[in-house]
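The sequence and the model are shown first, and the description follows.

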Amino acid sequence: MTAENQSEAGHEAEYDDAAIRFLAVVWGDGYLSPGGPEEVDRVLSGLDLAGKAVLDFGCGAGGITLHIAKTYAPAEVVGYDVEQPVIDRARLAAVREGLTAQVRFIATPPGTLPFDDGEFDVVFSKDAMIHVADKEWLFSELFRVLKPGGRLAASDWLIAHDGEPSTEMKEYVAAEGLSFGMASPQRYLQAMTAAGFVDVSAENRNAWYREVARGELERLSGPLHAQAVAAVGEEYVAKNIRIWSAMQKVLDTGEHCPTHLRGSKPGGGHP
């Protein structure tokens, strides 16, 4: 869930070394969102990335970017983020795994993406779009950097509606303390269509993460507790147990609905 924001001014990193260390305990080394490589594979299901140029938008600490490089034989994967601490970690991981020929990581201030029009065959994103409030701007930029015939395959954290969030949702977002710009599946699909995407779809993943998150909370309070405390300290772990508890409430009601998103840029044939 690493941070992106279309505003140029005032951005401060939200995922520092402590957050990276803690989330590695819960979600795996280099992962800042849940589900590990298996959920990444589900997001990319049915797509052929062999020999393609791939953008990982909001790449975080690079675990997903490196998984794509190792698993799908792309020509290149570019991991992009606005947070320098996570990009630093990602670059070190690429060197450690000997993947610097296939992967590069780029950090820039929030704003227009630092890529040419039509530079990528595939745009992937995993739970990073939530940090961009202006979905219309976001999808117009992702559309711009795709080649004709290119594909968007993403997952993100959505709210089930565009009305006033419930008290429980407000409490969860406040507990997270991150720049969440949550929107509904309808808003996402409308923004994608307005940007020019066709064949757009949204698949609700609430039922999956509702149970996964319950297990994460149980492990944080039990078998993972000592490891997490060793990584970041008791106070940090206690805070996150409170966050997970608040999140579980809105997962159980269905108001928090992680969602898979797909779209295509017309022309050129699909990769």
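In this predicted model, 55% of the 271 residues of the protein chain count as buried. The chain has 10 helices and seven strands. Its radius of gyration is 18 Å, close to the 18 Å that the globule rule gives for 271 residues, so the chain is as compact as a globular protein of that length. Along the principal axes, the C-alpha trace spans about 50 × 45 × 35 Å. Among contacts with a separation of 6 or more, 81% are between residues 24 or more positions apart.

**Nonpolar cores**

The largest nonpolar core has 60 residues, of which Phe22, Leu44, Ile68, Tyr172, Tyr209 and Trp244 touch the most other members. Leaving aside residues up to four places away in sequence, Phe22 touches Leu220, Ala228, Val232, Tyr236, Val237, Asn240 and Trp244. Another core, of 30 residues, lies apart from the largest one and has Phe57, Leu113, Leu142 and Ala183 among its members.

**Helix 3**

Eight of the 10 residues of helix 3 (residues 63-72) are buried, so this helix is largely enclosed by the rest of the structure. The buried residues are Gly63, Ile64, Thr65, Leu66, His67, Ile68, Ala69 and Tyr72. The elements against which the buried residues of helix 3 pack are listed below.

| Element | Residues |
|---|---|
| Helix 2 | 36-43 |
| Strand 1 | 53-57 |
| Strand 2 | 76-81 |
| Helix 4 | 84-96 |
| Strand 3 | 103-107 |
| Strand 4 | 120-126 |

Just after helix 3, Ala73 takes a positive phi of about 55°.

**Cavities**

The model has three cavities of 30 Å³ or more. The second largest cavity holds about 50 Å³ of space. Its lining consists of Pro34, Glu39, Lys126, Asp127, Ser155, Trp157, Arg205, Trp208, Tyr209 and Pro258. Strand 5 (146-159) and helix 8 (206-221) are the elements that give two or more residues to this lining. By class, the lining of the second largest cavity has five nonpolar, one polar and four charged residues.

Definitions and conventions
Residues are numbered from 1 along each chain as its sequence is written. This is a predicted model: local features need pLDDT of at least 70, side-chain atom pairs count only at pLDDT 80 or more; totals for chains, interfaces and linings use all residues. Side-chain values use heavy atoms; hydrogens and water are left out. On a 1 Å grid over the protein atoms alone, a cavity is a set of points where a 1.4 Å probe fits but cannot get out, and a pocket is an open set with protein on both sides within 12 Å along at least five of seven lines; lining residues have an atom within 4 Å of a point. Grid points are joined across faces, edges and corners, and a volume is the space filled by probe spheres set on the points. Helices (H or I, at least four residues) and strands (E, at least two) are DSSP runs, numbered from the N terminus. Ala, Val, Leu, Ile, Met, Phe, Trp, Tyr, Cys and Pro count as nonpolar, Asp, Glu, Lys and Arg as charged, and the others, Gly among them, as polar. A nonpolar core is a set of buried Ala, Val, Leu, Ile, Met, Phe, Trp, Tyr and Cys residues joined through side-chain atoms within 4.5 Å. Buried means under 20% relative accessible area, exposed over 50%, partly exposed in between (1.4 Å probe, protein chains only). Contact means heavy atoms within 4.5 Å. The radius of gyration is taken over C-alpha atoms; the globule rule is 2.2 Å times the number of residues to the power 0.38.
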